[in-house]
Number of protein chains: 2
Amino acid sequence: MNDTLVKKFSNRDLKPTAMRILVLRFLMEQTKAISLSDLELAFERADKSTLFRTLKTFEQSKLVHSIEDGTGHLKYALCLEECNCSAVDLHYHFHCIKCKETYCLTNLNIPTIDLPKNFEMQQANMVVKGLCANCNH
Amino acid sequence: MNDTLVKKFSNRDLKPTAMRILVLRFLMEQTKAISLSDLELAFERADKSTLFRTLKTFEQSKLVHSIEDGTGHLKYALCLEECNCSAVDLHYHFHCIKCKETYCLTNLNIPTIDLPKNFEMQQANMVVKGLCANCNH
DNA sequence: TAAATCTTTGCAATCCAGTTGCAAGCATAT
DNA sequence: ATATGCTTGCAACTGGATTGCAAAGATTTA
């Protein structure tokens, strides 16, 4: 197990079980957000519920965040190292309506949004939809 | 059937069937986005699939737009009269994590978002989450 | 007016992602 | 080594979304 992985687990106070190591490594290889079924395909030997719970554990520990991109399937992507999943850590996501892939736009934080009186923002799910570079010819 | 209703249907080239009139009227009474199950509760006599298809028809005709607020249930809300459901018509939504209600923030359009090269925005699903005024004490 | 056609509705069934209960396996602490 | 607790796998369930099909209703055509 390499150093980056070890660090990610210890940073978040998570025990690095075999399954978690595999899943985290897989997540680190992705450039896109993945769904539970993507994970099932990648790990045919592992049980769906285990993968599900692994993702949920990661989410709770703020190792990953989930995105509702409108496909009906939740997708997950690695958080940045310092991420605390609070409002300031939020970024936009992009969902390609052609290839159905979902990308984190981590370079751009979401602005302060002018809410009605006494409304308080804590989280956000921001998904821009359209065509990604690959599909946009 | 009142004038506003008639106009909404004719604007969108939709036949005003009994069911559609009831559903549209119901939607117009709402201050919040509603889910299919909300609609089922409101119209116990009507069949789920009919309500479902009515919503889908309305959505296609741009009479309503759908919102994924993160509850797992799609919600629907009336579009503004001139809405074309294109990028310029998009607005934020607010989902209260306590009372689970979802509001359209129609007073605020979403800004232009700086996308990676060759990415093209067409739609968006923007949901701010937190506490609404009622739940925020 | 009747027949043919198209649309809408209701019922029943299906799909499938997400989720849970339970028991077995594994790791850690006593 | 024994007890305790977390993790995993299996199987089953849940519930929203969706579809096929036939009946009912509306519209057009002859």
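Let's start in the middle of this predicted model, where the largest nonpolar core has 32 residues, and Tyr92(A), Phe94(A), Met126(A), Tyr92(B), Phe94(B) and Met126(B) touch the most other members. A nonpolar core here is a set of buried Ala, Val, Leu, Ile, Met, Phe, Trp, Tyr and Cys residues joined through side-chain atoms within 4.5 Å. Buried means under 20% relative accessible area, exposed over 50%, and partly exposed in between, with a 1.4 Å probe and protein chains only. Two or more residues of this core come from each of strands E4 (91-96), E5 (102-109) and E6 (120-131) of chain A, and from each of strands E4 (91-96), E5 (102-109) and E6 (120-131) of chain B. A second, separate core of 19 residues includes Met19(A), Leu36(A), Phe58(A) and Tyr76(A).

Now zoom out to chain A. It has four helices and six strands, in the order α-α-β-α-α-β-β-β-β-β along the sequence. Helices (H or I, at least four residues) and strands (E, at least two) are DSSP runs, numbered from the N terminus. Buried residues make up 43% of the 137 residues in chain A.

Some of these strands form an open sheet of three, with the order E1-E3-E2 in chain A and antiparallel pairing. Strands of a sheet pair through backbone hydrogen bonds, either parallel or antiparallel. Two strands count as paired if DSSP finds at least two bridges between them. Strands E1 (34-35) and E2 (64-68) of chain A are the edges, each pairing on one side only. E1(A) pairs with E3(A) (residues 74-78) over two bridges, and Ser35(A) stands opposite Lys75(A). Helix H2 (residues 18-29) of chain A packs on this sheet and touches E1, E2 and E3 of chain A. Contact means heavy atoms within 4.5 Å.

How do the two chains relate? A rotation of 180° with 0.0 Å of shift along its axis superposes chain B on chain A, with an RMSD of 0.0 Å. The superposition is by least squares on the C-alpha atoms of residues with pLDDT of at least 70 in both copies. The copies are therefore related as by a two-fold rotation axis. In chain B, the C-alpha nearest that axis belongs to Met126(B), 2.2 Å away. Leaving aside neighbours within four places in sequence, Met126(B) has contacts that include Tyr92(A), Met126(A) and Val128(A). Because 100% of the interface residues of chain B are also interface residues in chain A, the copies meet through the same surface.

A note on conventions: residues are numbered from 1 along each chain as its sequence is written, and chains are lettered from A and ligands numbered from 1 in the order in which they are written. Local features need pLDDT of at least 70, side-chain atom pairs count only at pLDDT 80 or more, and totals for chains, interfaces and linings use all residues, while side-chain values use heavy atoms, leaving out hydrogens and water.

Note on methods:
Axes are lines fitted to C-alpha atoms, for helices over the stretch in contact, and angles run from 0 to 180 degrees between N-to-C directions.
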